[in-house]
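Subject: Structure handover and notes

Hello,

Here is the structure I said I would pass on. My notes follow below it.

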Amino acid sequence: MLSGKHYIAGEWLSGPDVFQADNPATGTKLPTKFQHGTEELVDQAVQAANACAEEFAAMLPAKRSTFLRAIADEIDARGDEITEIGTLETALPAARLTGERGRTVGQLRFFADWIEEGSWFEARIETAQPDRLPLPKPDIRMMHKALGPVGVFGASNFPLAFSTAGGDTASALAAGCPVVFKGHAAHPGTSEIVARAIEAAVKKTGMPNGVFSLIHGGTRKVGQALVAHPLIKAVGFTGSTGGGRALFDIAVSRPEPIPFYGELGSNNPVFLMPNAMGAKAADLAKGWVGSLTMGVGQFCTNPGLLIALKGADLDTFVDTAASALGEVGGAAMLTDRVSSAYHDVTDAMAKHALVTCALKRRDTDGPFEGSPAIFRTTAAQWKANPELAEEMFGPAGIIVECDTTEEMLALSQTLVGQLTATIQMDDADADLVNKLRPALEKCAGRILINGWPTGVEVCHSMVHGGPYPSSTDSRATSVGSLAIKRFIRPVSYQAFPDALLPPALKDANPLNIPRLVNGKWQMAK
């Protein structure tokens with residue numbers, strides 16, 4: 001049974017007003033009434049997080065890893081319940097939600113292993129040289145410490161992996177930062193069930209109650225109050241460019257500016273190399289269609305921009321893609337706002353005088369409907385008309401035709417920040433790819449060859465981020481072990497007695513972690 005309440009520091013609390021989530025598949029309201037968040041509830045949650053922040057940060061990694069694994073276990077124990085409510089709130093198929101739940105618990109266990117391994121501390125030790133001339137060298141040791149309470153925003157398109165116990169929450173808790181989570185109004189029931197899993201893990205492992213709170217959305221004031229709260233030390237966000245930029249501006253305009261790690265918009269360009277197109281244009285088109293329509297095109301890594309040489313091979317590609325997409329029926333998108341925005345941008349593209357529409361339809365008049373679309377334009381027109389580069393969040397793509405490979409290379413230099421960039425190539429395209437790579441290294445966080453960008457592996461080498469506007473900090477990633485760096489900062493300890501040092505820096509290395517000692521790595525035993 002869903003309560004519709006907020007979970008704040010171990011208690012389930014009500015708000016002054018209520019809202020109901022939609023069932024996108026039917027266009028009807030779901031029965032549970034959820035409480036609106038308020039600025040007062042935000043303050044209560046943040047105060048509780050701050051009250052336990054030092055205790056939580058000081059815990060040995062093994063204790064926090066036990067907590068993370070307990071959250072994963074409790075989510076797994078509620079798997080059927082999560083899938084049932086998740087399908088109703090998102091219209092995503094059960095198989096997709098089951099897979100996303102696997103990624104969610106996998107992330108939690110991944111970070112549990114990572115903080116026990118200890119490399120994330122980046123412990124560095126420079127021992128004293130009292131006899132050094134002309135001045136003695138003091139003993140200086142450095143390690144990373146948790147920032148403090150972190151605000152996390154749930155994403156509309158990933159109700160589990162980028163939501164209540166998703167990657168931002170997992171990496172923040174792993175770092176030792178309590179989390180105040182603002183739920184997304186599109187899937188509040190899913191958020192509540194996952195919050196109950198976290199509640200059970202808190203009790204099972206003896207964590208302080210303030211280590212996690214859930215505040216349902218409903219109004220923008222809740223998110224604004226969370227980012228502006230003086231005790232919040234960093235924010236993780238996944239959402240629209242407009243909404244994320246507004247919150248980023250709040251974060252950096254505070255009396256104490258804080259890091260705002262926003263994942264915003266990306267077209268995820270795909271470069272179709274000439275020899276690859278000559279050998280397998282039809283196969284590439286089918287692969288693109290599968291990636292473009294995955295999740296009704298609502299992946300942040302959706303490949304919505306293709307760049308290729310004009311000619312017969314590209315015509316084959318477009319004809320094959322249009323035929324395949326014509327067999328893909330319209331499907332319910334996550335929210336009516338997402339669907340409305342999608343139709344607005346694709347309608348405008350279809351009417352644009354400098355664009356050719358290769359496929360555009362609307363299968364139903366339903367408020368959540370999303371149907372595929374393909375558009376074509378030239379490189380010259382694309383560069384001269386910035387509106388053609390607007391993200392079409394959904395199953396739509398624009399193909400930019402280049403007259404020459406030189407024009408393709410020149411276009412690559414004009415791309416704004418992207419989460420991904422993909423190259424489809426044959427061996428004979430290697431020289432051209434080598435010329436293309438530097439531009440893509442400047443604009444993208446992840447570059448792929450002969451694959452499709454939808455699907456992000458959780459691993460140590462993954463980068464899910466990129467230059468603005470794909471994210472607000474090109475140095476950060478929201479996926480993989482490097483995500484923990486968003487919520488820690490370096491602290492040096494000079495001339496400390498061994499007894500007063502944190503465990504990671506003590507002479508005996510009680511945590512048995514890798515450390516850089518006098519410029520040489522000493523690995524764990």
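Is Asn512 buried, partly exposed or exposed? The model is a predicted one, and in it Asn512 has a relative accessibility of 31%. Since buried means under 20% and exposed means over 50%, Asn512 counts as partly exposed. The residue sits in the loop that runs between β23 and β24. Its phi is positive, near 55°, although Asn512 is not a glycine. For background, most residues other than glycine have a negative phi, and most peptide bonds are trans.

Other backbone points

Ala9 also has a positive phi, near 50°, and is likewise a residue other than glycine. You will find Ala9 in the loop between β1 (6-8) and β2 (11-13).

One runs from Leu133 to Pro134, with omega near 10°. Pro134 belongs to the loop between β7 and β8 (140-146). Another cis bond joins Tyr468 and Pro469, where omega is about 10°. Pro469 is placed in the loop between β22 (444-449) and β23.

Strands of a sheet pair through backbone hydrogen bonds, either parallel or antiparallel.

β17 and strand β19 (residues 373-378) run antiparallel and are joined by four bridges. Thr356 stands opposite Arg376 in β19. Strand β14 (residues 269-272) pairs with β15 in the parallel sense, over four bridges. For Pro269, the bridge partner in β15 is Leu305. Strand β15 covers residues 305-309 and is mostly covered itself, with four of its five residues buried.

The five-stranded sheet

Another open sheet is formed by five strands in the order β23-β8-β7-β24-β25, again with mixed pairing. Its edge strands are β23 (488-494) and β25 (520-522), which each pair on one side only. Neighbouring strands in this sheet are turned by 25° against each other on average, with direction ignored. Within it, strand β7 (residues 124-126) and strand β24 (residues 515-517) pair in the parallel sense over two bridges. Arg124 is opposite Leu516 in β24.

Two buried loop residues

Thr335 lies in the loop between β16 (331-332) and α11 (336-351). Why does Thr335 count as buried? Its relative accessible area is 13%, and the cut-off for buried is under 20%. The side chain of Thr335 reaches the backbone nitrogen of Val338 at 3.0 Å.

Phe162 is in the loop between β9 (150-153) and α5 (167-175). At 7% relative accessibility, Phe162 counts as buried too. Phe162 and Val479 are 317 residues apart in sequence, yet their C-alpha atoms are 9.7 Å apart in space.

A pocket

Rolling a probe the size of a water molecule over the atoms shows where empty space is left. The second largest pocket has a volume of about 240 Å³. Which element gives the most to its lining? Helix α3 (residues 79-90) does, with five residues. The lining includes Glu81, Glu84, Ile85, Leu88 and Glu89, along with Met1, Leu2 and Ile193. Leu30, Pro31, Thr32 and Phe34 are also among the lining residues. By class, the lining has eight nonpolar, one polar and three charged residues.

Regards

Conventions
Residues numbered from 1 in each chain as written. Predicted model: local features only at pLDDT ≥ 70, side-chain atom pairs only at ≥ 80, totals over all residues. Heavy atoms only, no water. 1 Å grid on protein atoms, 1.4 Å probe; cavity = no way out; pocket = protein on both sides within 12 Å on 5 of 7 lines; lining within 4 Å. Points joined across faces, edges and corners; volume = space filled by probe spheres on them. Nonpolar A, V, L, I, M, F, W, Y, C, P; charged D, E, K, R; others polar. Pairing = 2+ DSSP bridges. Axes fitted to C-alpha atoms, helices over the stretch in contact; angles between N-to-C directions. Buried < 20%, exposed > 50% of the residue type's maximum accessible area, 1.4 Å probe, protein only. Polar contact = N/O pair within 3.5 Å; in protein donor to acceptor, adjacent residues only side chain to side chain.
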